[in-house]
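Colleague: I would like to learn how to read the features of a protein model. Could you take me through them one at a time?

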2 protein chains.
Amino acid sequence: VEILENKPRILLLHRHLEGLVPILAHHFTVLFAWVPEHLEKSFDVRALVVAGEVPLDRDLVMALPSLGLIACASTGYDGIDRDWVRSRGLLLTSARMVNDQDVADHAIGCMIMHYRGLQTGDRLVRNGKWADAPSIVNRSLRSVRVGIVGMGEIGRSVAQKATALGMAVRWWGPNPKEVAWERASSLLELAATSDSLVVTARSDATNGGLISSKVIDVLGRTGQLVNVARGALVDEDAVISALKAGRLAAAALDVFREEPTSGERWQDVSRVLLTPHIAGRTQEALVRIGEQLRANLLAFFGDKPLLTPV
Amino acid sequence: VEILENKPRILLLHRHLEGLVPILAHHFTVLFAWVPEHLEKSFDVRALVVAGEVPLDRDLVMALPSLGLIACASTGYDGIDRDWVRSRGLLLTSARMVNDQDVADHAIGCMIMHYRGLQTGDRLVRNGKWADAPSIVNRSLRSVRVGIVGMGEIGRSVAQKATALGMAVRWWGPNPKEVAWERASSLLELAATSDSLVVTARSDATNGGLISSKVIDVLGRTGQLVNVARGALVDEDAVISALKAGRLAAAALDVFREEPTSGERWQDVSRVLLTPHIAGRTQEALVRIGEQLRANLLAFFGDKPLLTPV
């Protein structure tokens, strides 16, 4: 890497963030932590760009004595201990309002796929089993009750879109909020009265395994679980058991306990749509994330207030 | 079949309409044309229930001297020659406003699946290729331009839902209509300026192969074709060639030139979602269709005006 001395240097920690380079390269020299020669030249970088869901590599952070800012390319920052970051005198930013609508669209798509039998239909036609079409669960969206867990930006966006498509929406979260949709008295009550339970909550130290085997059991044999939030929120083993035993009708998971999740883990599990944490990673969101990151980095290097500090 | 003389007898022509029986059985003795003993007893039935998309069996109709009504369980009646039916002195009804929203939801689902890479994502995760996720076309719905061919009940419903999800909507049909969306100057112009072309038009003798190889070519290598109307409207061979050659990005077909379409025909065709004509066949629509059919049949047998005459 050719380091131009007139551009501040920033270090990108994860390879899957490489798509941000075109947006950042005009103002910054972007170094890649996964390239040894880059890492050697990173000793005195002042800003680190990370994916907030990945556990932060503290050794690396401590090996960067000039570091002043950790900028998350994601909305969530569950991989980062805020207190520890603060105790090291570091600033922290995360993405805000960049992809909530995209994540919501993904959840809506997972519900339509399930209730309209799109994947099943495709399999039947390709296998010459057109005549089995009546076996498809083909249900009007307007009869589907959606329960949303977490009423943040993504939860509200799912609620708006589901409402526009005629679905009945309720929600639950630990705190009441001023929104148009009714809050259930408890998560269990919400699961028991929902056809699709859509998890959009922020993941933190207090809510690991929130979607427990008990929640899955009351969601029940006609229920669908959709997780577009974080794998840690869901008891994934319980989901797999419930799907295998027919105690849960279907699931759509974009996030997993471990990412990447292994293909083998899901080999014998049907009625589950698996996507590689892509719900929020649209081309357009990537541009917005990059622009917001760039603005935060320019503010940091220009000693101005950060746009989206945590 | 036990024929109770106090109930009018009706003849069901196609096996896939069997789901209507529970709704009709209270008022009518329902005979099945595919059961020889039923057919024998059908000599003097006065009403025939058919799927309007299937070419009408004229020999059968002519063998029923007491016949007065042909009632379609479908909205479309492209399998029926209205003039011929009229010339035999028969009345004709079809379904109306029973499943336009369901068909539209199906089309919306096909677009989300494509632009958010749901099927591709699932395949990658299951094959242990999570790292290839950046290869997925992952695009915000709000950047997608939808072109709707035909602005009837289904077209309007697709337009409303797509608009609610932030997509840009234009349309084309042979006649201007008073709707909120702009009509393109021609079908070719619409295809050239759309990302997804959604076919919702009524099929008739004038518009066979409307979606020609030329239309497919201008829709182009980033375009998606969605057909939830009738197979006859689309040059299916041209779609297959374009998909194979990469001149069309994707297709989602719920209807086919021949139904059932054979699995072999699509064996080497990827990037196409195939469903067995299920877009409008939800549990809820089936109930509405059955109730409307029953109302038409009761009106006919009671010498009252038909609800939805053609």
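Modeller: What follows goes from the whole chain down to single residues.

Modeller: This is a predicted model, in which local features need pLDDT of at least 70 and side-chain atom pairs count only at pLDDT 80 or more, while totals for chains, interfaces and linings use all residues. Residues are numbered from 1 along each chain as its sequence is written, chains are lettered from A and ligands numbered from 1 in the order in which they are written, and side-chain values use heavy atoms, with hydrogens and water left out.

Colleague: How many helices and strands are there in chain A?

Modeller: Helices (H or I, at least four residues) and strands (E, at least two) are DSSP runs, numbered from the N terminus. Chain A has 11 helices and 12 strands.

Colleague: How is the radius of gyration of chain A to be read?

Modeller: The radius of gyration is taken over C-alpha atoms, and the globule rule is 2.2 Å times the number of residues to the power 0.38. For chain A the radius is 22 Å, close to the 19 Å that the rule gives for 310 residues, so chain A is as compact as a globular protein of that length. The C-alpha trace of chain A spans about 65 × 45 × 30 Å along its principal axes.

Colleague: What percentage of the residues in chain A is buried?

Modeller: Buried means under 20% relative accessible area, exposed means over 50%, and partly exposed is in between (1.4 Å probe, protein chains only). In chain A, 56% of the 310 residues are buried.

Colleague: And which residues do the contacts in chain A join?

Modeller: Contact means heavy atoms within 4.5 Å. Among the contacts in chain A between residues at least 6 apart in sequence, 58% join residues at least 24 apart.

Colleague: What does Ala71(B) contact?

Modeller: Ala71(B) belongs to strand S4 (residues 69-72) of chain B, and its relative accessibility is 0%, so it counts as buried. Leaving aside neighbours within four places in sequence, Ala71(B) is in contact with Leu48(B), Val49(B), Val50(B), Thr93(B) and Leu293(B).

Colleague: Where is Arg46(A) placed?

Modeller: Arg46(A) is in the loop between helix H2 (36-40) and strand S3 (47-50) of chain A. With a relative accessible area of 35%, Arg46(A) is partly exposed. Not counting residues up to four places away in sequence, Arg46(A) touches several residues, among them Arg9(A), Phe300(A) and Phe301(A).

Colleague: How many aromatic pairs does a search of the whole structure find?

Modeller: Rings of Phe, Tyr and Trp (its six-membered ring) pair if their centres lie within 6.5 Å; planes under 30 degrees apart count as stacked, over 60 as edge-to-face and the rest as tilted. The search finds 10 aromatic pairs over all chains. One of them is edge-to-face: Phe256(A) and Trp266(A), at 5.7 Å centre to centre and with 70° between the planes. Both lie in the loop between strand S11 (250-253) and strand S12 (272-274) of chain A, so the pair ties together parts that are 10 residues apart in sequence. Phe256(A) and Trp266(A) are both buried. Ring pairs also link Phe28(A), Phe300(A) and Phe301(A) into a cluster.

Colleague: What lies over the face of Trp266(A)?

Modeller: A charge sits over a ring if NZ of Lys or CZ of Arg is within 6 Å of the ring centre and within 35 degrees of the ring normal. Arg265(A) lies over the face of Trp266(A), 5.8 Å from the ring centre. In chain B, Arg265(B) lies over the face of Trp266(B), also at 5.8 Å.
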